[in-house]
Amino acid sequence: MNAITESDLQQQLAKLGDLRAAIGQAIVGQQDVVEQLLIGLLAGGHCLLEGVPGLGKTLLVRSLGQALHLQFRRVQFTPDLMPSDILGTELLEEDHGTGHRHFRFQPGPIFTNLLLADELNRTPPKTQAALLEAMQERTVSYAGTTHELPSPFFVLATQNPLEQAGTYPLPEAQLDRFLLHIRVDYPTEQEEHDILTQTTGRAGGDVPRVMEGEAVLALQKHVRDVHVSDDLLRWITRLVRASRPGDGVPEEIRKYVRWGAGPRAGQSLVLAAKARALLHGRLAATREDILALAKPVMRHRLLLSFAAEAEHVSADDVIAALLRGVPFAA
């Protein structure tokens, strides 16, 4: 592929600006959340959004789907949802002329560009696992046949961090498939005032469609061309390796972490840093990109110890200590 030209970059950045503006017509505030969601989109990765009810997670994903001119489907995950409800099923059909019977695969809602898996942790592990192949391979295997998913394909899942009754925590293998774990916090006072004003009057217009699927795929290719220096790559390698308990790692890691991040964390951090650099109009990733993305990339890839739970130490606290203990050395 050819390197990114200045004119290409300006055209793509203009489209990204239009995309941000389109989402902003439905979403008040949450600038960091929107940016991280766009980073996941550019990097071609899936995102897990976590926040208490009423913060606009579902609306944000729906607005993104409307603005992108991509096929969008929403699945409300419940305890009685079966894998076939997501993947699809085979139907027995009969040709009335010949009487011949045959099976026809009926695709499920996963055959889309943008899948909103709402409250993913409310469905049992059997149904959660139905997403694994699709998230990793972009295919669905059913009755010995492999079906390709549309391109681009994204899974944007939500979960409630508070309500644990009747939920099934996602296994580490599935969490690792998410590029980013995005925390959605409460809005500021002014943002909450604006939300009340915007949502209690006359209904606003639809989110405009500003970007085609081909433009998304082109942007993803541009992301791969963004430069990451060897110094940054070595720092990312040290950060990921230092997240695993052992000799020579920060004290907080040995005390509060049972299992550290795997190699996929380093890959995700590099790709996310490249996407953030392009989003900010740069052709090279910097130290600031790594610092901004270390928590959303790694917070779901650390398995904390009982000591961390007892002392109310979060994954973000551990990652902050990791960044302090393994500084960047140019």
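Q: Why are β6 and β7 called a pair of strands?
A: This model is predicted. In it, β6 (residues 139-142) and β7 (residues 145-148) are joined by four bridges. Pairing needs at least two bridges, so β6 and β7 count as paired. They run in the antiparallel sense. One of the bridges links Val-140 to His-147 in β7.

Q: What lies between β6 and β7?
A: Two residues do, and the two strands form a hairpin. Ala-143 sits in the turn, with a positive phi of about 55 degrees.

Q: What makes β1 and β8 partners?
A: Four bridges join β1 (residues 46-50) to β8 (residues 154-159). The cut-off is at least two, so β1 and β8 pair. These strands run parallel. Leu-48 has Ala-157 as its bridge partner in β8.

Q: What holds paired strands together?
A: Strands of a sheet pair through backbone hydrogen bonds.

Q: In which order do the strands of the open sheet follow each other?
A: The order is β2-β5-β8-β1-β9, five strands with parallel pairing.

Q: Why are β2 and β9 called edge strands?
A: β2 (72-76) and β9 (178-183) each pair on one side only. Neighbouring strands of this sheet are turned by 15 degrees against each other on average, direction ignored.

Q: How do you know which way α3 runs relative to β5?
A: Compare their N-to-C directions, on a scale from 0 to 180 degrees. Helix α3 (residues 57-67) runs at about 170 degrees to β5 (114-118).

Q: What makes a residue part of the lining of the largest pocket?
A: A lining residue has an atom within 4 Å of a pocket point. For the largest pocket, 28 residues line the space. Glu-50, Gln-159, Pro-169, Leu-175 and Leu-302 lie nearest its centre. The pocket holds about 860 Å³ of space.

Q: Which element gives the largest share of that lining?
A: Helix α14 does, with three residues. β1, α7, β9 and β11 are among the elements that supply at least two.

Q: How does the lining of the largest pocket divide by residue type?
A: There are 13 nonpolar, nine polar and six charged residues.

Q: Which residues lie nearest the centre of the second largest pocket?
A: They are Ala-43, Gly-44, Gly-45, Arg-138 and Arg-224. This pocket has a volume of about 530 Å³ and a lining of 27 residues.

How values were computed. Residues numbered from 1 in each chain as written. Predicted model: local features only at pLDDT ≥ 70, side-chain atom pairs only at ≥ 80, totals over all residues. Heavy atoms only, no water. Contact = heavy atoms within 4.5 Å. 1 Å grid on protein atoms, 1.4 Å probe; cavity = no way out; pocket = protein on both sides within 12 Å on 5 of 7 lines; lining within 4 Å. Points joined across faces, edges and corners; volume = space filled by probe spheres on them. Nonpolar A, V, L, I, M, F, W, Y, C, P; charged D, E, K, R; others polar.
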